[in-house]
Amino acid sequence: MPELLLELFSEEIPARFQRRAAEDLKKAVTNALVDAGLVYEGARAFATPRRLALTVSGLPVRSPDTREEKKGPKVGAPQPAIDGFLRSAGLSSLEEAKVESDAKKGDFYVAVINKPGADAVELLSAILPKILTDFPWAKSMRWGSGNFNWVRPLRAITATFGTENDEPVVIPFASNQIEAGQTTFGHRFLAPAAIRVKRFDDYVTALERAKVVLDIDRRKDIIRGDADQLAFAQGLTVIHDEGLLEEVAGLVEWPNVMMGSFDPEFLKLPEEVIIATIRANQKCFCLRDASGKLAPNFIITANTIPSDGGAVVVAGNERVIRARLSDAAFFYQGDLAIPLEHGLPKLEDMVFHAKLGTQFAMVERLVKLAAEIAPLVGADVEKTKRAAMLAKADLVTGMVGEFPELQGLMGRYYATAQGEPAEIANALEMHYKPVGPSDRVPTEPVSIAVALADKLNVLSSFWSIDEKPTGSRDPFALRRAALGVIRIVTENGLKFPLKVDADLLAFFHDRLKVSLRDAGARHDLVDAVISADSNDILQITQRAEALSSLLSSDDGKNLLAGYRRAANILAAEEKKDGKSYAGAVDQAALKLPEEEALAFAVDAVHAAVASHVGRDDYKGAMAELATLRAPVDAFFTAVLVNDADPAVRTNRLNLLARLRDTMHLVADFGKVAG
């Protein structure tokens, strides 16, 4: 079957747009093909700095004929209804419709609409220009005198359609006065001549000969592999950086890896500063030596094959990196000369949020909150207050001004150099963490206190001005802050009840549900252990784990079945009687040995469960509940709850209520699914 080859050749596309643009092109074209009745077998999209490409295989040469029956109004309906039906069905008169009968609804009109299929090339010539016009670039531009927008000036369009053995057809359309054809171009410097292509296979081969690797993931593999080999030959290892690798692969069409070096004197700088400087300014990878220390070397990825073996390229990069590292050393030494606390007044000139005031105002609230949290997590109050006061001081340093991603980390370096205790210096770095699911969590008490205070300060502040996440919009990363609190509490095993308003507590519940579900917990079990006023994150987590363990056992499954039977009976009888049963069991009214055994077991288990819950031992509590399985099974086998004697009936309903209330000490089993 025929295939479509589409290439949109332009000036350099920013690396950060390429992968998304390729997927957007694939989605737009394939959706339009399906809508037009052209069902395909497969599609692949590609991007290089100067092109988006798409191949769609297994396309039919025509869309299929279709037949549709459109039901219309009843015979004798008002004329406006008749006219509307004729217009929607494309009929000129009722004579072109047929009449069908329905036993209940009577006679009504039906239009039979036959639509002949269309030639695929004809359909594509209408589809493709619209896709180009409506393409969803994050940023686009116009050039020349036209109104067409593209990310960078569009220079050529290749659009062919045909089978493997035939000469393909060029799809006839134009965009911004550029006619579609079958001509593309190779590497800008190494093979710039025009290339005539027919279909995808020879297109890929021709580009390869013209020094263009079409697939971005293959370019990444080449860069990664060549960099590793080059480093290994020098006894070094590459510091891999997936984000940088993606960016570099989007900057080159024919990657060529080389190694440069810098003055080892610069290694006196913090290694994170060196890595950030080289990454940001030259898009190069740093390396480590055999001992794991940063090496005075870097990996360059060029987009050419230098005739001199790369000497000029390497020298140029070395020259720029030397200058940038000199700047970094200047910032670092200048920052070290000024005590961190001397920068605090500058925070008064830094607006945090128009409705919340300055960074200094946020720091004042942070110090107060951190001091309140410190005793709860075993942290020294004075050290915690000192760390909280200095937490944002590095925001006004030269280094963080140049590299904002180093905030917190530079605070630690400066605090250490200026003689602050290790707990305080570490807290300056760790109070931002964790910033993602794989990031480290603070473990030292002072760091924990300041990190919790920072996140709760931000959350409560934004809640106070009614700035909350909506849908996918979360400009202040409040979801991340809440998940950070959850991870700090749970991974450190902290009993830390949240003292926040109900609305913010509900937000934490939502985030905790997401966190537990991501960890594999069943959603219904999470719901079963969270109530509206549950404010102990660790307790909720432990209850969910214990409940999951209980219900994975045979005793737990059977006990759940018994609970449901008891709950259903109670619900029905309470509704019928118009009252609730409180669980006060009259021992003298127990008639059968099975109900006596259950009453005795429930009383014993209730006391034991309450004791375990009081010690936050939820596994122990669940184990106690599991012992109820046998007496519950025996009760429902031998005992009729709705006894003819009203007193006996009431007593048995109270016994079931006592069972229900005992199980509710650890979870609402009524919310468990299945």
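Lys576 and Glu573 both sit in helix α19 (residues 554-577), three residues apart, about one turn of the helix. A helix here is a DSSP run of H or I with at least four residues, numbered from the N terminus. The side chains of Lys576 and Glu573 meet in a salt bridge, 2.9 Å from N to O. A salt bridge is a side-chain nitrogen of Lys or Arg within 4 Å of a carboxyl oxygen of Asp or Glu.

This is a predicted model: local features need pLDDT of at least 70, side-chain atom pairs count only at pLDDT 80 or more, and totals for chains, interfaces and linings use all residues. Residues are numbered from 1 along each chain as its sequence is written, and side-chain values use heavy atoms, with hydrogens and water left out.

Lys576 is exposed at 58% relative accessibility. Glu573 is buried at 8%. Buried means under 20% relative accessible area, exposed over 50%, and partly exposed in between (1.4 Å probe, protein chains only).

Helix α5 (residues 216-233) holds Arg224 and Asp221, three residues apart, or about one helical turn. Arg224 is partly exposed, at 27% relative accessible area. Asp221 is partly exposed too, at 48%. Both residues belong to a network of salt bridges that also links Arg19, Asp217, Lys220, Glu242 and Glu246.

Asp474 and Arg479 form another salt bridge. Both residues are buried.

| Salt bridge | N to O distance |
|---|---|
| Lys576 and Glu573 | 2.9 Å |
| Arg224 and Asp221 | 2.9 Å |
| Asp474 and Arg479 | 4.0 Å |

The whole structure has 50 salt bridges.

Technical notes:
Helix = DSSP H or I, 4+ residues; strand = E, 2+ residues; numbered from the N terminus.
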